[in-house]
Amino acid sequence: AWHPDGQRLRVVAMADHKDAFWTVPLSGEAPARTDVSEDAERRMAQANLFPMVFRWAPRGDALYFEGMSKGITNLWRIDLDPQTERWVAGPHRLTTGLGIDSEMAVSPDGSSVAFVTKTQTDRLWSLPFDAGARRVTASGQPVTPANMSVLHFDLSADGRRLVYAAS
C-alpha cells in the first residue's frame, strides 16, 4: 500500500513464521520493520486475524485493511503512531457482515471508507455427460445445500459415488 507521502510502500512478508510488516522507501534506503505493540499482537492472535489488502489513512495515523477472521473477511483498522509507524492500538473491526468486505477506498479527509460487500455461494454440482461423445447429457444438479462450503471432494472411478468434506 502506498504511504500518503507517495515515497514509501507498506508490505507484508513472512518472518519468523508470522506476518511481518515493513515500510519500504522508494529512495533505496533499507526497509524498516514495523514495531507492533504487544496488545495489538495479542488481539490479532485472539481474533486469528489474517490481514490482507492495506490502505493508509491520509494523515498516516492508521492503516485500514481487509482481514480474515474465522473464515469471514471484514474491514479493520490499526491505529499508528504517525512518527514511528508503530502499531499502538487495535485491530478494530469496522464491518461485521457475513459477506466478503473488500475493495476499500479511504476518503481524502479520512472521514469515511467506501467498500464492496460480496456474497458467495460454494456448492458442489453434478453434471452428467457422455464421455465418448464429449457432451453434457442433462442439466446439472446441486449436490450440497447453498449454506455449505465444500472443502474437498472426489468421485469414485465408476462415477457412482461422491465423497466430500464441507463446513
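Modeller: A patch joins residues with over 30% relative accessible area and no salt bridge, like charges within 9 Å and nonpolar side chains (Val, Leu, Ile, Met, Phe, Trp, Tyr) within 5 Å. A salt bridge puts a Lys or Arg side-chain nitrogen within 4 Å of an Asp or Glu carboxyl oxygen, and areas are Shrake-Rupley with a 1.4 Å probe, only the protein chains shown counting as cover. The model is predicted, so local features need pLDDT of at least 70 and side-chain atom pairs 80 or more, while totals for chains, interfaces and linings use all residues. Numbering runs from 1 along each chain as its sequence is written, and side-chain values use heavy atoms, without hydrogens and water.

Colleague: Which residues make the nonpolar surface patch here?

Modeller: V143, F153, L155, L162 and Y164 make it, and the patch covers about 460 Å². At least two of its residues come from β14 (150-155), and at least two from β15 (162-166). Strands (E, at least two residues) and helices (H or I, at least four) are DSSP runs numbered from the N terminus. V143 sits in the loop between β13 (141-142) and β14.

Colleague: Is V143 buried, partly exposed or exposed?

Modeller: Partly exposed, at 35% relative accessibility; buried is under 20%, exposed over 50%, and partly exposed lies in between (1.4 Å probe, protein chains only). For contrast, take W2: with a relative accessible area of 53%, W2 is exposed. W2 belongs to the segment before β1 (8-15).

Colleague: What does W2 touch?

Modeller: R8, L9, L26 and W56, leaving out residues up to four places away in sequence; contact means heavy atoms within 4.5 Å. W2 and W56 are 54 residues apart in sequence, yet 7.2 Å apart in space, C-alpha to C-alpha.

Colleague: On to the aromatics. How many aromatic pairs are there?

Modeller: Phe, Tyr and Trp rings (six-membered for Trp) pair with centres within 6.5 Å: stacked under 30 degrees between planes, edge-to-face over 60, otherwise tilted. That rule gives 3 aromatic pairs. F21 and F54 have ring centres 5.8 Å apart and planes at 75°, so they are edge-to-face. They link distant parts of the chain, 33 residues apart: F21 is in strand β2 (residues 18-25) and F54 in strand β4 (residues 49-56). F21 is buried at 5%, and F54 is buried at 6%.

Colleague: What kind of pair do F54 and F65 form?

Modeller: A tilted one, because the planes are at 40°, with the centres 5.4 Å apart. Here β4 is linked to β5 (residues 62-69), which holds F65, and the partners are 11 residues apart. F65 is buried too, at 0%. F21, F54, F65 and W87 form one aromatic cluster.

Colleague: Which residues have the most contacts inside the largest nonpolar core?

Modeller: A core is a set of buried Ala, Val, Leu, Ile, Met, Phe, Trp, Tyr and Cys residues joined through side-chain atoms within 4.5 Å. The largest one has 14 residues, and L49, L63, F65, L80 and W87 have the most contacts inside it. Two or more core residues come from each of α1 (38-46), β4, β5 and β6 (72-80). Another core, of 6 residues, lies apart from it, with A57, Y64, L75 and V106 among them.

Colleague: And L80's partners, which are they?

Modeller: Beyond neighbours within four places in sequence, L80 contacts W56, G60, D61, A62, L63, E85, R86, W87 and V88.

Colleague: Where does S102 lie?

Modeller: In strand β8 (residues 100-106).
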